[in-house]
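Work through the exercises below with the model open in a viewer. Each task is followed by a solution in steps.

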Amino acid sequence: MPNDTAIREATTVVVIGAGPAGLTLANLLRLAGVGCVVLERHSRAHVESRQRAGVLDYHGACVFEEWGLAGEILAGMPGDGSLEIRVDGEPRLLDVAALSGGRTGALIPQQILIGRLLNAHQKAGADVRFAADGVALHDIAGPEPKVTYRDSDGALHEITCAYIAGCDGGHGASRAAVPADALTTYSYDHGIGWFTILADVPPPRHPLMAISSHGFAAHFARGPKASRFYLQCDPGADPAHWGEERLWTQLRLRLGDDDLPAATITDKTVVDMRSFVADPMRHGRLFLAGDAAHIITPMGGKGMNLAIADADVLARALRAAVHDHDDTGLQAYSETCLKRVWNNQEYSRWLTEMTHEAGDESLAGPFRHRLARARLERLFTSEAAARALVDLMAGG
């Protein structure tokens with residue numbers, strides 16, 4: 001426990017982590033009239049520069065609209081009204097807007113979302129503390145939990161609160177504070193790697209996924225003059241073995257686009273496709289949200305959206321608990337969120353199997369390759385199948 005030299009403070013909620021879950025929650029709590037302090041171990045510059053997914057689904061967009069934040073957060077962001085699935089170089093278009101009855105989201109790079117959430121929160125005078133070192137949680141099962149950390153000057157702070165929101169990812173202090181015997185975890189390795197590349201290439205007209213025997217590839221917008229590309233690779237592949245010439249050659253081959261220009265690559269990394277779920281998402285006065293509670297593969301673009309959905313559920317539950325002394329929502333928090341989490345895990349896995357196995361026969365053998373091809377073809381021959389896909393894309 002902290003010693004007598006600690007700077008002692010108090011608030012209603014301590015939010016640990018300034019990612020999509022933490023900053024969305026902080027903004028919603030501010031609008032709900034619930035006091036909070038946000039602690040982030042990295043600098044603001046680091047947080048705002050992190051390159052992550054940028055697809056906000058319909059449900060995610062509705063969260064910001066319902067809380068009156070759409071004007072500040074989503075202004076100027078293009079919609080995702082169509083999806084191109086290029087099969088063996090042949091373009092095939094799904095009219096997502098028409099199939100979903102207009103339930104489309106927006107394309108917003110995570111660093112822009114984070115910047116706007118920070119600006120909205122701090123413009124209102126809210127409390128966000130960067131470079132919070134050594135964050136530790138205490139007495140999370142008791143009536144008055146505490147969070148301690150050291151600021152950039154080395155001073156020790158102790159914050160007493162009513163609730164803690166753990167939004168600090170899979171390697172943060174929050175989930176580690178839950179006793180091992182109080183948590184059941186589920187994990188799955190999909191056996192696939194993705195080489196992700198951010199480059200100064202104009203975005204495609206529509207979000208694009210390409211399927212062929214050469215391996216999966218994708219091309220998505222990351223701004224008016226930037227694109228993010230994905231290339232299927234072996235898990236744990238070394239980025240150093242993928243020179244720029246090889247990257248552009250493989251992208252042109254897999255995307256079926258000989259005219260794709262080579263351009264400056266500003267970021268590249270390999271992501272192993274893994275999934276993780278922690279159950280329950282609550283222990284005492286600690287509530288896990290976003291990547292602290294669940295990891296989902298990039299396929300389907302649901303990671304950021306699940307974080308925002310968690311924040312919405314938790315903000316509403318905390319508002320009821322603080323203002324109405326009604327903890328029904330808090331009691332149901334984990335069950336409510338995990339229903340959505342598992343539904344999206346299944347969707348992501350289903351889409352991963354179809355898009356990868358339909359192209360690369362070596363992944364799962366010729367029988368499953370042909371099953372995946374049949375599933376893929378059904379999207380373009382059965383409106384019901386296509387509607388089922390876009391319904392999952394919309395979220396909810």
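Predicted model: local features only at pLDDT ≥ 70, side-chain atom pairs only at ≥ 80, totals over all residues.

**Exercise 1.** Classify the ring pair of Phe195 and Trp242 as stacked, tilted or edge-to-face, and locate both residues.

Solution. 
1. A search of the whole structure gives eight aromatic pairs.
2. For Phe195 and Trp242, the ring centres are 5.4 Å apart and the planes meet at 50 degrees.
3. Stacked requires planes under 30 degrees apart and edge-to-face requires over 60, so the pair is tilted.
4. Phe195 belongs to strand E13 (residues 184-199), while Trp242 is in the loop between strand E16 (227-233) and helix H8 (244-255). The two residues are 47 residues apart, and their pair links distant parts of the chain.
5. Buried means under 20% relative accessible area. Phe195, at 0%, is buried, and Trp242, at 7%, is buried.

**Exercise 2.** Which residues form an aromatic cluster, and over which rings do Arg92 and Arg246 lie?

Solution. 
1. One aromatic cluster consists of Trp194, Phe216, Phe220 and Tyr230.
2. Arg92 places its charged end over the ring of Phe380, 4.3 Å from the ring centre.
3. Arg246 is over the face of Trp242, 3.8 Å from the ring centre. Trp242 is also the partner of Phe195 in the tilted pair.

**Exercise 3.** Describe how helix H11 packs against helix H12, giving the orientation and the residues in contact.

Solution. 
1. H11 spans residues 366-381 and H12 spans residues 383-394.
2. Their axes are 6 Å apart, at an angle of about 105 degrees.
3. Angles of 65 to 115 degrees count as roughly perpendicular, and therefore H11 and H12 are roughly perpendicular to each other.
4. On the H11 side the contact involves Arg378, Leu379 and Thr381; on the H12 side, Glu383, Ala385, Ala386 and Leu389.
5. By type, the residues of this contact are four nonpolar, one polar and two charged.

Notes. Residues numbered from 1 in each chain as written. Heavy atoms only, no water. Phe/Tyr/Trp six-rings, centres within 6.5 Å; stacked < 30°, edge-to-face > 60°. Helix = DSSP H or I, 4+ residues; strand = E, 2+ residues; numbered from the N terminus. Buried < 20%, exposed > 50% of the residue type's maximum accessible area, 1.4 Å probe, protein only. Lys NZ or Arg CZ within 6 Å of the ring centre and 35° of its normal. Axes fitted to C-alpha atoms, helices over the stretch in contact; angles between N-to-C directions. Parallel < 35°, antiparallel > 145°, perpendicular 65-115°, else oblique. Contact = heavy atoms within 4.5 Å. Nonpolar A, V, L, I, M, F, W, Y, C, P; charged D, E, K, R; others polar.
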